[in-house]
Amino acid sequence: MSNLTENYPTSVEMGIDNAEVAVRKEFLEFTEADIALLKELHARLEAQRDPLSEAFYRHLQHFPQLLPLLGNTEKLERLKRTQSAYFSQLTEGEYGSNYVENRLHVGVVHQRVGLTPQWYIGAYRKYLHELMPGVYHLMGGDAEQCIATYSALLKIVFFDMELALDTYFHAEHQAVVREKKFSSQIIADMPSGLVVMDAALNVRMVNKALLSMFDLSSSEACVGLMVSELLGVGEQLISVIENVLECGEMRSGLAFERHVAQGSKYYLADISRAVTEEGQTLLLFMVNDITAYKKAEERAQYLAQFDVLTGLPNRSLLYDRIDYAYMLSRRGDGVVATMLIDLDRFKLINDSLGSALGDELLKQVAVRLSNCLRESDTVGRTGGNEFVMILLSMNAASDATMVAKKVLEVLAAPFQIAGHQLHLTASIGIAVSPGDGENAQELLRSAASALQQSKNDGRNQFCFFQEEMNQRAQHDMQLESGLHRAAENYDFELHYQPKVDLRSGEICGLETLLRWNHPERGRINPVDFIPLLEENGLIVPVGTWVLRTACAQAKAWQSMGIKPCSVAVNLSAVQFHRQDLCEVVQQVLRETGLEAKFLNLEITESIIMKDVDRAVQTLRELKSLGVKLSVDDFGTGHSSLNYLKRFAADELKIDRSFIRDITTDADDAMITRTIIDLAHNLRMRVVAEGVESEAQLAFLLRNNCDEMQGYYYSKPLPVDSCTALLKEGRLLSRAAD
Ligand code: C2E
Ligand code: MG
Ligand code: MG
């Protein structure tokens, strides 16, 4: 007999080798004599084989359970032929490895088609039954021979049945094993972590995903541990697990966190209860690692609240923090300061050296500012070059002074960026609560007003918010909107104030002064609305309108036969620095027909001093048109007598503030005298502004001042009154006369 195990895998799996076959045959007392008897029977049976098979199948067809296996006529015929061959092999006398393999295969096929052993064994009984009379007959009624042959037949049938049953159960076992392997594989490889635990919350099983999710080495090491021990989950989750155990209701979406060396890991779990067939309660804990998702969410949240460049809180977070700080201050938790820090001339650095360098500078500034703070304080960036600090729980508003000084100090140290050494200063506005606002928006607005003040005061300093700033800002806003409307229609008026020659006592000029009536607030002082016109640029069209109207008026007076005198028009800094100033003046003179020598342009000393070289150039150009030039408000600016020579002005107007006190203040008197002498040396005429008293006039006369302007002679007058005064030709009454 050839070697069984090598040829047929089923026999290998089942452990049925040649030795096993030999043992089985021995136990069945299956001998060569039996084989000889069976061979003899085989030869005699051949003729009966088909009727036997027919009888066999007829029997099977009585059972509806078997019909599906027998199939249609065609299949049935095939089966009959196979069956007939099978029966034939039984008595053929060849019971070697081929025979065994064939029988093993039959068992596998039966298991596969669902023919259970009950039918198989019963079918054998039918076969033996059908065969019995035949054997008796074939043995010619020899009882002994008949029993011996029948016994041999029983032995081979039992040998067959053993093999077929073994294989049947083996195949079935294999199917169960395959099924189990399949389920285990799915559990092992599923992407979610799974922990199966018993009612005492002891771990029974974990899958691969769970091991890697919780950095565990092997599932064997996990079995038997308490779930809390295994996963490091807190009491809260354990109580949910216990609840599921008790009520049986599934719970899903349970988030929990686990601390690990690198930070935190985040999980989301579902828990359900299962009861096995044996009535054992199990808990299934299915978990997913959501750390990456959570981190992405945190990043999105971070971006919504923090400035990407500097990593500092952004505007939206700052608003929240200021509101919160305000609430603390309202509860009496000390004073809170909101500090707005604006980097001076940052735009210049950014524009000239590039935004990459500007960004680096902002980052370094952020670091330095952060170092100025206590832990409870906040620094953030609201955008551009503007930072905000929130200082909590201070004893007094003045405590912010220390921080502000420190900020200016730390920013003053040079910054080293990409080989550049950069110097930076900052302007700071401080709002304090309680007091300067009721919420973040108001506090930041107050801080912004204070910041503006710091800038106006020359930058590189800090300024606290004052209520007047607020009122002023509101006032300015209302004025500004009114001004816009007025400027559209030139809804202004001009008044003229006479300048009087001190020697003759006659009017020698008229200063044009702008007047504006606000529809609700009435007459507004020019010192309040002219700076606003300058800020929004409206001074340019309005200034031109003043110039044109004044020149036309001067021309009109001349046409009335009034003795010609010059009109003075004040120029603002904005007008003075415009390229087209000379053109505009020329154009107006042409349009109105006024001779240039009758126009006097007043420019304040401070405008000229801002950029002397450029001013000198402009003054020369104006001078070349033939107009007269006055340096207005002399004494209030730098009063640089050295420069005066270069201005080539015709006239110098001593500011009202000196004249006010010339009779009482020796210094003012002395300064005024010096200015008059100096101006005369430079061949300039001197006008005293704001002369209100006889004593002032007497002083001016004594000191050879050329002209006066002031209430003593006349206030600025509307056109009609001025016309009347000019016509009247009233002389200045001089006490000295
Ligand atoms: P300013 O050019 O120095 O004008 C003289 C100011 O002194 C005028 O004030 C005038 O009313 C006032 N004044 C004259 N005599 C006396 C006096 O005896 N006592 C007192 N207390 N004040 C006197 P006003 O009209 O309020 O103008 C103020 C400033 O507004 C002017 O100072 C000028 O700088 C500016 N301003 C007025 N009109 C214009 C204009 O059309 N254009 C520009 N750019 N500025 C103008
Ligand atoms: Mg003036
Ligand atoms: Mg003046």
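Me: Which helix supplies the largest share of the lining of the second largest cavity?

Reply: This is a predicted model, where local features need pLDDT of at least 70, side-chain atom pairs count only at pLDDT 80 or more, and totals for chains, interfaces and linings use all residues. Residues are numbered from 1 along each chain as its sequence is written, ligands are numbered from 1 in the order in which they are written, and side-chain values use heavy atoms, without hydrogens and water. A cavity is a set of points on a 1 Å grid over the protein atoms alone where a 1.4 Å probe fits but cannot get out; lining residues have an atom within 4 Å of a point. Here helix 23 (residues 539–559) gives the largest share, three residues. Helices are DSSP runs of H or I, at least four residues, and strands are runs of E, at least two, numbered from the N terminus. Among the lining residues are Trp557 and Lys563.

Me: What coordinates the magnesium ion (ligand 3)?

Reply: Donors are N, O and S atoms within 2.8 Å of the metal (3.2 Å for Na, K and Ca); water is not among the atoms, so sites may look incomplete. In this case Asp632, Asp633 and Glu689 coordinate the ion at 2.0 to 2.7 Å. Asp633 lies in strand 18 (residues 628–634) and Glu689 in the loop between strand 20 (685–688) and helix 31 (694–702), so the pair ties together parts 56 residues apart in sequence.

Me: Is Glu689 buried or exposed?

Reply: Buried means under 20% relative accessible area, exposed over 50%, partly exposed in between (1.4 Å probe, protein chains only). Glu689 is buried, at 9%, while Asp633 is partly exposed, at 24%.

Methods. On a 1 Å grid over the protein atoms alone, a cavity is a set of points where a 1.4 Å probe fits but cannot get out, and a pocket is an open set with protein on both sides within 12 Å along at least five of seven lines; lining residues have an atom within 4 Å of a point.
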